[in-house]
Amino acid sequence: MTSASRTLLLRHRPALNRQVSRLPIYIGVTIIAVLVLYPFVFMLSTALRESTILRFSPWDLVPSDVTLANFHRLFSDTSMLNWLGNSMFVATTTALLKVGIDSLAGYAFARLQFKFKELIFLLLIAAMMVPPAVTIVPRFLLLRDIGLINTPWALILPHLSYPLGVFLMRQAMATIPYELEEAAKLDGCSVFTIYWRIVLPLVAPALAVVVITTFMYQWVDLLWPVVAITNDGLKTVTVGISSMKAEQSRADWGLIMAANTCAMIPIGMLFVFCQRYFMTGMTSGSLK
Amino acid sequence: MSAIDIRGLGKHYAGTDVLRQVDLTIDEGEFIVLVGPSGCGKSTLLRIIAGLEDISEGELYIGGLLSNAVKARARNVAMVFQSYALYPHMTVEENIGFALKVAGLSKAERHRRVRDVARSLGLENLLQRKPKALSGGQRQRVAIGRAIVRHPKVFLMDEPLSNLDAKLRVEMRAEMRALHSRLGVTTVYVTHDQVEALTLGTRVAVLRPIGESGNTNVQQFATPTELFERPHNVFVAGFMGSPPMNILLARLVRRGGALEISMGDIVIALPQAMQSQALADAAGRADGYIVIGVRPADIGVAPPGGVAFNTRITDMEMLGDHSSVSFSARTPAVPFDFDFTAKDVYTSLLGGSSLTKISARLEGRLRLRANDEVSLAIDPARIYFFDAQTGLALGNP
Amino acid sequence: MNVLSAARRSGKAHLGLREALLSNAVAYLFLAPALLFFVVFQAGPLITTIVLSFYEGGILSGFSYSGFDNYLTLWSDREFYQTIKFTLLYFVIIVPSVLAVSLAMAVLLNDKFIRGKNFFKAAIFFPSLAPMVTLSTLWLFMIFPNVGLINMLLAVVNVREVEWLSSPLMATLTIVLVELWRGVGFYMVIFLAGLVAIPEELYEAAELDGAGPIRQFWSITLPQLRPTITFCLIMAVIFNFQLFDAVYMITGGGPGGSTESIAWYIFSNAFKYDQLGLASATSTLLLLAVMSITAVLLKVLPSDR
């Protein structure tokens with residue numbers, strides 16, 4: 001053995017040992033990851049095969065006869081297409097309105113001076129702790145009185161009142177150097193122009209966080225949509241799926257798994273393309 | 001009509017005065033430098049002219065127009081910030097053209113003006129870059145470009161060179177001068193560096209923190225030559241000049257018909273011609289104390305037969321064609337920022353052993369070492385005299 | 001200079017009365033949409049809830065003032081007791097377990113020599129984004145008699161035919177497991193962010209002092225992580241008070257009302273039995289519970305390192 005290759009080996013051995021000593025961690029983490037993901041794989045596999053549940057075992061994950069039959073039935077026998085459309089409309093509209101509202105308010109809290117600023121801010125913080133179930137009765141009565149129950153707006157409008165996005169925006173905007181806004185002032189900008197042309201482009205990642213978390217929240221919410229929407233054609237995906245289960249006494253698992261796969265598609269896409277945004281959204285609250 | 005007129009201006013924050021009774025009249029096309037140590041209010045004054053701070057009292061006229069209540073964006077002033085404050089999400093072209101866009105100029109017109117400015121600053125090849133991809137010197141140019149593209153009435157610059165390295169700073173000073181003489185726009189420039197002040201300003205205002213200066217921040221507002229040769233007070237004398245002036249407490253003693261300056265063991269006789277009434281009065285006062293200032297360059301090796309004193313060198317640095325030499329005098333030094341309004345020199349500085357290090361800049365290639373005995377002379381005509389009670393200049397050369 | 005910059009940061013710019021009014025007006029224009037929705041859908045309903053808790057009835061029967069009757073009804077309602085009992089049991093299991101498991105996962109994955117960290121992190125985080133409806137459906141499928149994975153696995157260790165939903169304890173456990181599945185990834189990501197912020201030198205110093213990995217965990221990781229733990233604990237309390245979806249999807253509150261969460265109790269009283277007054281009284285109590293527990297936690301747990 002040449003001395004060069006010996007030093008190479010010596011240098012590699014600690015790294016190798018390190019990896020070997022971490023084998024238990026790898027095994028543990030892998031088992032957990034598999035357990036956590038297994039049901040989703042199972043869902044996909046069940047959705048893609050002819051559904052007769054009793055014929056296969058939990059280990060049999062790759063269907064030999066891939067078919068879209070379940071999805072065909074789903075779209076023709078249930079209102080799934082409607083539900084998807086409703087959820088998409090509600091989640092997208094809420095996200096876009098909310099990012100506008102929250103960035104405006106966030107800018108006021110980050111940079112403008114006004115009376116009762118601290119008090120209003122404190123109220124918003126306190127409101128974040130209130131579970132939605134607490135206000136569900138008056139919210140229902142109010143929306144019923146103005147005739148919005150059983151419309152998408154019953155789902156969109158109340159969500160615009162949740163203050164989390166205001167905090168995210170305020171936090172992001174507070175990191176912008178004052179000099180940039182002063183330079184813009186001297187360049188002839190009004191307060192709104194500064195907000196629109198300087199501040200918003202600089203907090204684009206935070207805007208994305210608000211859009212994505214809002215979309216996700218609206219997509220998965222169940223309690224309020226169950227209360228606010230009873231008309232089958234107006235249901236969201238989650239309400240639709242929950243009612244499918246209730247309707248069929250002899251569960252049609254192929255159909256149900258196809259429906260759940262549909263519910264997971266936008267989430268899977270956001271997960272693949274925008275993962276860092278909701279991780280930022282979550283952790284920004286903890287690292288003040 | 002003056003470009004900027006500031007009258008009795010004051011600014012306070014939460015009961016603390018930052019600026020008090022500031023009067024400055026700046027003429028069209030001047031390059032004014034505001035200089036002073038940190039906390040002297042120079043940046044605040046600049047920001048007030050910009051409209052970024054409001055005015056607590058007094059009046060600000062820009063182009064003859066009372067501008068106290070005019071919004072920053074309506075003043076037509078441009079500013080170069082210390083951090084440059086370039087918009088990170090815009091390219092160089094968009095940065096420079098932003099003010100024109102906000103003002104509603106056509107795309108073609110914007111393009112033309114941005115190109116012109118970029119060419120004059122050597123930025124043509126960088127127009128599509130973002131600020132992040134530029135060097136410090138390039139960012140600085142973009143910041144200047146952003147200011148000049150608008151043809152503003154006034155340029156304001158807040159320590160624009162302080163983030164550059166020493167060599168680049170000297171280059172940029174020359175460019176600033178060239179730029180100013182080419183455009184002729186009234187400029188107000190803030191710095192804490194007295195070299196920048198002396199080299200750039202057509203006139204310089206020396207400012208001092210209000211807490212230690214009594215009535216107003218502005219100690220003297222004059223041309224660089226005047227500041228250097230006829231400082232109004234100890235503060236200006238000590239702040240301007242590098243290496244700084246030696247400032248000491250000395251006594252004026254009348255011996256026979258003549259006046260002598262006595263600094264412990266060093267005694268210097270004043271020629272007859274210099275014995276002004278002011279000095280005579282000072283000498284006549286109780287113990288004849290006076291504050292004197294001597295620039296290091298005004299101390300020299302004594303010519304044979306001249307008025308001289310012998311001393312021992314304590315430290316010496318050979319700097320090529322000249323040497324920096326220190327020696328000691330048995331008399332207290334007066335700090336240049338000594339607060340004459342609140343304290344008095346005698347109780348604060350006298351008493352205790354007061355050995356002051358005096359530095360001298362000796363020309364020529366001397367072969368001296370520490371501990372050498374040397375015979376030095378001070379040209380009496382180059383000595384600055386200040387009143388020991390007020391710190392104000394007494395009939396200076 | 002300090003006074004100056006402090007004053008500038010707090011933005012106390014006195015421009016005179018007219019300008020002050022004007023800048024107030026501008027700020028409120030920026031705030032207006034958010035405030036409008038906040039007042040209409042948060043503050044207003046909150047007050048209305050408290051007011052309604054003193055009224056009896058619902059949409060069909062109409063409302064009539066009844067003083068503290070709703071609270072007295074709750075006091076003597078067996079179902080409400082069951083709700084409280086379930087909530088306590090659920091909290092005692094879910095809060096420690098979800099935090100402990102997620103913290104353990106975070107610590108394991110924070111090891112700097114682990115490869116493929118991002119994959120594991122993403123995999124474990126994934127379920128926390130899924131709709132609870134889907135998670136519940138999948139979970140029901142996993143525990144399905146004969147074919148479900150869970151029963152298959154249990155059969156390996158010779159446990160046969162576990163009746164997951166027939167006893168109150170097992171039904172509670174089922175819900176806990178779904179919530180664990182969803183929650184672990186969520187808290188793990190937050191813990192990981194906290195762990196990354198701990199300076200590496202602390203561990204190096206401990207290593208030189210002869211501390212092993214377990215000693216290091218107790219003496220450095222846990223104390224350094226205190227603010228994050230506090231945050232996660234408060235989040236866990238607030239979130240789990242909202243428990244609804246899993247109950248709705250999996251147990252329907254059963255067997256025998258043994259898995260009725262507070263949100264479920266409010267929901268069914270309000271929208272199944274038209275007892276809006278009673279539901280409002282429950283909401284008011286829920287509000288008080290969340291507020292006081294959060295306040296106590298914030299007081300007891302120091303949030304600084």
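How many residues of chain A are in contact with chain B, and how many residues of chain B are in contact with chain A? In this predicted model, 14 residues of chain A are in contact with 17 residues of chain B. On the side of chain A that touches chain B, the elements that give two or more residues are helix 9 (178-186) and helix 10 (191-202) of chain A, and helix 9 of chain A supplies the largest share, namely six residues. By class, the residues on this side of chain A comprise eight nonpolar, two polar and four charged.

Of the 288 residues in chain A, 43% are buried. Among the contacts in chain A between residues at least 6 apart in sequence, 75% join residues that are at least 24 apart.

The domain assignment divides chain A into domain 1 (14-67) and domain 2 (80-286), and the centres of these two domains of chain A, taken over C-alpha atoms, are separated by 33 Å. Six residues of domain 1 of chain A are in contact with eight residues of domain 2 of chain A. The side of domain 1 of chain A that touches domain 2 of chain A is made up of four nonpolar and two polar residues, with no charged residues.

Helix 2 of chain A, which spans residues 23-47, has 25 residues, and the distance from its first C-alpha to its last is 35 Å, close to the 36 Å expected at 1.5 Å a residue. A bend of about 35° occurs in helix 2 of chain A at Leu37(A), and a proline, Pro39(A), follows within four residues. Pro39(A) is also one of the buried residues of helix 2 of chain A, together with Val29(A), Phe40(A), Met43(A), Thr46(A) and Ala47(A).

In chain B, the domain assignment gives domain 1 (4-239) and domain 2 (246-386), whose centres, taken over C-alpha atoms, are 38 Å apart. Contacts between these domains of chain B involve nine residues of domain 1 and eleven residues of domain 2. The side of domain 1 of chain B that touches domain 2 of chain B has five nonpolar residues, three polar residues and one charged residue.

In soluble globular proteins, nonpolar side chains tend to be buried together. The largest nonpolar core of the model has 270 residues, of which Ala259(A), Leu34(B), Ile49(B), Leu156(B), Met188(C) and Phe244(C) touch the most other members. When residues up to four places away in sequence are not counted, Ile49(B) touches Ile4(B), Leu60(B), Val77(B), Leu156(B) and Val188(B).

In chain C, Ile238(C) is placed in helix 11 (residues 226-240). Ile238(C) and Ile293(C) are 55 residues apart in sequence, while the distance between them in space is 9.2 Å, C-alpha to C-alpha.

Technical notes
Residues numbered from 1 in each chain as written. Chains lettered and ligands numbered in written order. Predicted model: local features only at pLDDT ≥ 70, side-chain atom pairs only at ≥ 80, totals over all residues. Domains from an automatic or database assignment. Contact = placed C-beta atoms within 7 Å. Nonpolar A, V, L, I, M, F, W, Y, C, P; charged D, E, K, R; others polar. Expected span 1.5 Å × (residues − 1). Bend = angle between axes of the 7 residues up to and from the residue. Buried ≥ 20, exposed ≤ 12 C-beta atoms within 10 Å, placed from the backbone. Core = buried A, V, L, I, M, F, W, Y, C linked by C-beta atoms within 7 Å.
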